[in-house]
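Please read it beside the sequence and the model.

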Amino acid sequence: MTVVNMLQRQIERRAELICQNRNQNLPVDMGKSSFESIEQGVHFLQHHCKLDSSRCEYISAVAKLVWEDDICQWALYVPADEEGEGKWLPYPYLSKSSDLTAMVREVEKDPKSVFWQ
């Protein structure tokens, strides 16, 4: 297994744990969390439901966490627009770090209320 594959598996496992923890502590109307794998990282997604339904009305991207080979660091991004599609901007409070745990903690705890709204 290459280093890149090991990093991918590591971030996917941590993303899975974030989503499990968030989903078990939140009511459906607050939106369910999920993620999708991308090349060298993950997109975190929020499923939005109507108040009277558990069925998903729409999905928005809330964060992107990727490994950047050229600088050997994790990079955290937020959507540039409200729909969460298209362009991404560096997360202003902790945009890059070699510490995956710090990056994951930032997404999970969302201390600045940027990701999970």
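## Salt bridges

This is a predicted model. The count of salt bridges comes to two. In one, R13 pairs with E16, and the closest N and O atoms are 3.5 Å apart. R13 and E16 both sit in helix α1 (residues 3–25). They are three residues apart, about one turn of the helix. R13 has 44% relative accessibility, so it counts as partly exposed. E16 is also partly exposed, because its relative accessibility is 33%.

The other salt bridge joins the side chains of E68 and K96, at 3.3 Å from N to O. This pair links distant parts of the chain. E68 belongs to strand β3 (residues 56–68), K96 to strand β6 (residues 96–97), and 28 residues separate them. E68 counts as buried because its relative accessibility is 17%, under the 20% cut-off. K96 has a relative accessible area of 35%, so K96 is partly exposed. Side chains of opposite charge can pair when their charged atoms come close.

## Nonpolar cores

The largest nonpolar core holds 21 residues. Those with the most contacts inside this core are I11, F44, L65, W74, L76, V107 and F115. Two or more residues come from each of α1, β2 (41–49), β3, β4 (73–79) and α2 (100–109). Helix α1 gives the largest share, five residues. In soluble globular proteins, nonpolar side chains tend to be buried together.

What does I11 touch, leaving aside residues up to four places away in sequence? The list is G41, V42, L65, W74, L100 and V104. L65 and W74 are also among the residues with the most contacts inside the largest core.

A second core is separate and has six residues. Among them are L45, A61, A75 and Y77.

## A102 in helix α2

A102 lies in helix α2. Is A102 buried or exposed? A102 has 19% relative accessibility, so it counts as buried. The cut-off for buried is under 20%.

How far apart are A102 and W74 in space, C-alpha to C-alpha? The distance is 9.8 Å, while 28 residues separate A102 and W74 in sequence. W74 is one of the residues with the most contacts inside the largest nonpolar core.

Technical notes
Residues numbered from 1 in each chain as written. Predicted model: local features only at pLDDT ≥ 70, side-chain atom pairs only at ≥ 80, totals over all residues. Heavy atoms only, no water. Salt bridge = Lys/Arg side-chain N within 4 Å of Asp/Glu carboxyl O. Helix = DSSP H or I, 4+ residues; strand = E, 2+ residues; numbered from the N terminus. Buried < 20%, exposed > 50% of the residue type's maximum accessible area, 1.4 Å probe, protein only. Core = buried A, V, L, I, M, F, W, Y, C linked by side-chain atoms within 4.5 Å. Contact = heavy atoms within 4.5 Å.
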